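I opened the notebook to keep track of what I looked up in this structure. The entries cover strand pairing, the nonpolar cores and the aromatic rings.

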Amino acid sequence: MEIIGTVTTGLGKAAYFLGQDFYKNQFKEKLGFIPYPGTLNIIVEEDKLENIIQMKNKCPNIIKPDQEFGAVKYISANLENRVSGAIVFPAKTVHDENYLEFIAEDNLRDKLNLSDGDKVSLDIKI
């Protein structure tokens, strides 16, 4: 499934969580890379909301919770047909359903020269 969205600034909390050994080790094991400590935040159009909710609810991939941290569902995806990574759905989040968080090995804003307001495409492997 391809989804187009708009890059936006997040809350800055993902860097802390993705910097934890618990998450780094699990993502390395399950996705084959240690994520850059931060997510690329993408807002998708409201007409894709139902697809996103279904995708999240059916997602079988999960990093189980640790004593201090919540579970995270993830789905492999490609950004701009150039970067392999995953969309993550943290169990504990304050974001609306149409707000996606993409992780990859690199700082994507730097690698792809992205700024708030830029349109990006995600090819989600469902």
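How many bridges join β4 to β7, and in which sense do these strands run? I find three bridges between β4 and β7, which run antiparallel; I take two strands as paired if DSSP finds at least two bridges between them, and helices (H or I, at least four residues) and strands (E, at least two) as DSSP runs numbered from the N terminus. Ala77 has Ile124 in β7 as its bridge partner.

Before going on, I note that this is a predicted model, in which local features need pLDDT of at least 70 and side-chain atom pairs count only at pLDDT 80 or more, whereas totals for chains, interfaces and linings use all residues. Residues are numbered from 1 along each chain as its sequence is written, and side-chain values use heavy atoms, with hydrogens and water left out.

**Strand β7.** I looked at β1 next and found that β1 pairs with β7 in the antiparallel sense over five bridges, with Asp123 in β7 as the bridge partner of Glu2. Val120 also lies in β7, and at 2% relative accessibility Val120 counts as buried (under 20% relative accessible area; exposed is over 50% and partly exposed in between, with a 1.4 Å probe and protein chains only). Setting aside residues up to four places away in sequence, I list Ile3, Ile4, Gly5, Val7, Ile42, Leu79, Glu80 and Leu114 as touching Val120, where contact means heavy atoms within 4.5 Å. Val120 and Ile42 are 78 residues apart along the chain, and their C-alpha atoms are separated by 8.1 Å.

**Cores.** I define a nonpolar core as a set of buried Ala, Val, Leu, Ile, Met, Phe, Trp, Tyr and Cys residues joined through side-chain atoms within 4.5 Å. The largest has 23 residues, of which Leu40, Ile42, Leu79, Ile87, Phe102, Leu122 and Ile124 touch the most other members. Among the elements giving two or more residues to this core are β1 (2–8), α3 (49–58) and β7 (119–124). A second, separate core of 12 residues includes Leu18, Ile63, Val88 and Ile103.

**Aromatic pairs.** Searching the whole structure, I find two aromatic pairs (ring centres of Phe, Tyr or Trp, its six-membered ring, within 6.5 Å; planes under 30 degrees apart are stacked, over 60 edge-to-face, the rest tilted). The rings of Phe22 and Tyr23 have centres 5.0 Å apart and planes at 65 degrees, so this pair is edge-to-face. Phe22 is partly exposed at 22% relative accessible area, while Tyr23, at 5%, counts as buried. Phe27 and Tyr74 are also edge-to-face, at 6.1 Å centre to centre and 75 degrees between the planes. This pair links helix α2 (residues 21–31) with strand β4, its residues being 47 apart, and both Phe27 and Tyr74 are buried.
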